[in-house]
Amino acid sequence: MLARLGGSPVWDRGVRLVQLAVAITLGAANMRQIALLSHHEPLFGPLSSDPSIRRTLEPIGKNELLRSRLAWARAQVRRHV
């Protein structure tokens with residue numbers, strides 16, 4: 001669903017979403033704080049820049065199906081927590 005039209009992305013969007021989720025778990029309040037993962041580079045690879053994270057999230061804001069699936073997943077996690 002997050003495939004890039006016209007070629008493969010330079011950064012794997014799935015990896016970027018995982019990095020962002022882990023950064024949020026570690027206390028990040030914004031995209032710039034993905035730097036919290038800098039000590040995990042052997043695990044995640046090089047960190048992406050703020051614009052790369054923004055471009056990764058951009059399709060979600062434009063796609064109703066993605067937004068509804070994320071809302072469902074968020075509700076599931078909140079129920080569990």
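Reader: What lines the largest pocket?

Author: This is a predicted model. In it, the largest pocket is lined by Leu17, Leu20, Ala21, Ile24, Leu57, Ile60, Leu70, Ala73, Arg74 and Val77. The elements giving two or more residues to this lining are α1, α3 and α4. The volume of the pocket is about 350 Å³.

Reader: How do you know which class each lining residue of the largest pocket belongs to, nonpolar, polar or charged?

Author: Go by residue type. Ala, Val, Leu and Ile count as nonpolar, and Arg counts as charged. The lining therefore has 9 nonpolar, no polar and 1 charged residues. Arg74 is in the lining, and Arg is a charged type.

Reader: Why is Pro51 called partly exposed?

Author: Its relative accessible area is 38%. Buried means under 20%, and exposed means over 50%. The value of 38% falls in between, so Pro51 is partly exposed. Pro51 sits in helix α3. Its C-alpha atom is 9.5 Å from that of Arg32, 19 residues apart along the chain.

Reader: What makes Leu26 partly exposed?

Author: The reasoning uses the cut-offs of 20% and 50%. Leu26 has 45% relative accessibility, so it counts as partly exposed. Leu26 lies in the loop between α1 and α2.

Reader: Which residues does Leu26 contact, leaving aside neighbours within four places in sequence?

Author: Leu36 and Leu37. A contact needs heavy atoms within 4.5 Å. The 7.3 Å between Leu26 and Leu36 runs from C-alpha to C-alpha. That is another kind of distance, because contact is judged on heavy atoms.

Reader: How do you know what length to expect for α3?

Author: The expected span is 1.5 Å times one less than the number of residues. Helix α3 has 13 residues, so 18 Å is expected. From first C-alpha to last, α3 reaches 19 Å, close to that value.

Reader: Where does α3 have a kink?

Author: At Thr56, shortly before the proline Pro59. The kink is about 25 degrees. It is the angle between axes fitted to the seven residues ending there and the seven starting there.

Reader: Which residues of α3 are buried?

Author: Ser52, Ile53, Thr56 and Ile60. Buried means under 20% relative accessible area. Their cover includes α1 and α4.

Reader: How many helices and strands does the chain have?

Author: There are 4 helices and 0 strands. Along the sequence the pattern reads α-α-α-α. Buried residues make up 21% of the 81 residues.

Notes: Residues numbered from 1 in each chain as written. Predicted model: local features only at pLDDT ≥ 70, side-chain atom pairs only at ≥ 80, totals over all residues. Heavy atoms only, no water. Buried < 20%, exposed > 50% of the residue type's maximum accessible area, 1.4 Å probe, protein only. 1 Å grid on protein atoms, 1.4 Å probe; cavity = no way out; pocket = protein on both sides within 12 Å on 5 of 7 lines; lining within 4 Å. Points joined across faces, edges and corners; volume = space filled by probe spheres on them.
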